[in-house]
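This report covers salt bridges and a chain interface. The sequence and structure come before the text.

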Amino acid sequence: MTEFERRLQQWKTPQPATGLSDRIAREAMRQPQGFAWREVAQRSLTEWRYGLVYKAAALAACVVIGVGVSVSLNPPAAHEADLDELAFIVGI
Amino acid sequence: MRDTVGDAQLMRLTAEGDAAAFRQLVARHLPRAHAVAYRVLLNREDAEDAVQAAFTKVWAHAGRYEPERSAFSTWLYTIVTRACLDRARRFRPKTQSIDDWAEALSDGDPDAETQLSQQQAAGAVRAAVAQLPLNQRMAVALCYFEGFSNAEAAQSLNMSVKAVESLLVRARRQLKTVLGVKDD
């Protein structure tokens, strides 16, 4: 064993607490099996940093879609036609 | 670190909801997983939380484990390392409690001076490891303390063997400097 390895081994770890194994197993088994997406969904809602890249991308996509929809629903030419139609209806 | 027939069998049973099989798995692998988590997170409380999170994932995702793709221990330590990294990034590191020291030193030696010397030596190593960046600390915990091969550590850390070796070289250099150990 080298001096370096001997020095490192001076730092020992404590044994797991008594009963930790049973406690861990018991706590773990309270979770349902096979539903990883639930955990992901919960974390993404409770931790703002979790999945930040995906959240930012989703937000950017919403902005683009929103702008696109807004522009397509309110084209400049349609505004004049609306005014003409309104005038006809009113009887001017 | 080879997979045993026992681990694969226990995981198959765990995936079917067998509580006794899962408890046996936890009991078998907890000591080492706890040691890894403790070396990375530097205190018992965080280590316990990390291994709890890791084994909860093992239970919840047992159906996703494929024994033909990797040994159970490799799969487990991938989860353990992620749980440790996740815990370290989300929470401030806590100081080590006096109970941790007491248990770590307890080896039946009544000599107070020897105990003090051991405590100081252990503290120096802990402080040196604590100064390492998280990824280096993880590689050191797996390879230098728990005897993982570079290949095994690379699989668990989801990086190349070269990347692990690079981490270890840098960590070793810093640890030797801080601990005042001369080159071998």
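## Salt bridges and interface

The side chains of Asp7(B) and Arg28(B) form a salt bridge, with N and O 2.6 Å apart; the term requires a side-chain nitrogen of Lys or Arg within 4 Å of a carboxyl oxygen of Asp or Glu. Asp7(B) belongs to helix 1 (residues 5-15) of chain B and Arg28(B) to helix 2 (residues 19-41) of chain B, so the pair ties together parts 21 residues apart in sequence. Asp7(B) is buried at 3% relative accessibility, whereas Arg28(B) is partly exposed at 40% (buried is under 20% relative accessible area, exposed over 50%, partly exposed in between; 1.4 Å probe, protein chains only). Helices are DSSP runs of H or I with at least four residues, numbered from the N terminus.

This is a predicted model, in which local features need pLDDT of at least 70 and side-chain atom pairs pLDDT 80 or more, while totals for chains, interfaces and linings use all residues. Side-chain values use heavy atoms, without hydrogens and water; residues are numbered from 1 along each chain, and chains are lettered from A in the order written.

The search of the whole structure gives eight salt bridges over all chains, including these:

| Pair | N to O distance |
|---|---|
| Arg12(B) and Glu16(B) | 3.1 Å |
| Arg32(B) and Glu146(B) | 3.9 Å |
| Arg23(A) and Glu48(B) | 3.8 Å |

Glu146(B) is buried at 16%, and Arg32(B) is partly exposed at 27%.

Between chain A and chain B, 31 residues of chain A contact 46 residues of chain B (heavy atoms within 4.5 Å). One salt bridge crosses this interface.

How values were computed:
Helices (H or I, at least four residues) and strands (E, at least two) are DSSP runs, numbered from the N terminus.
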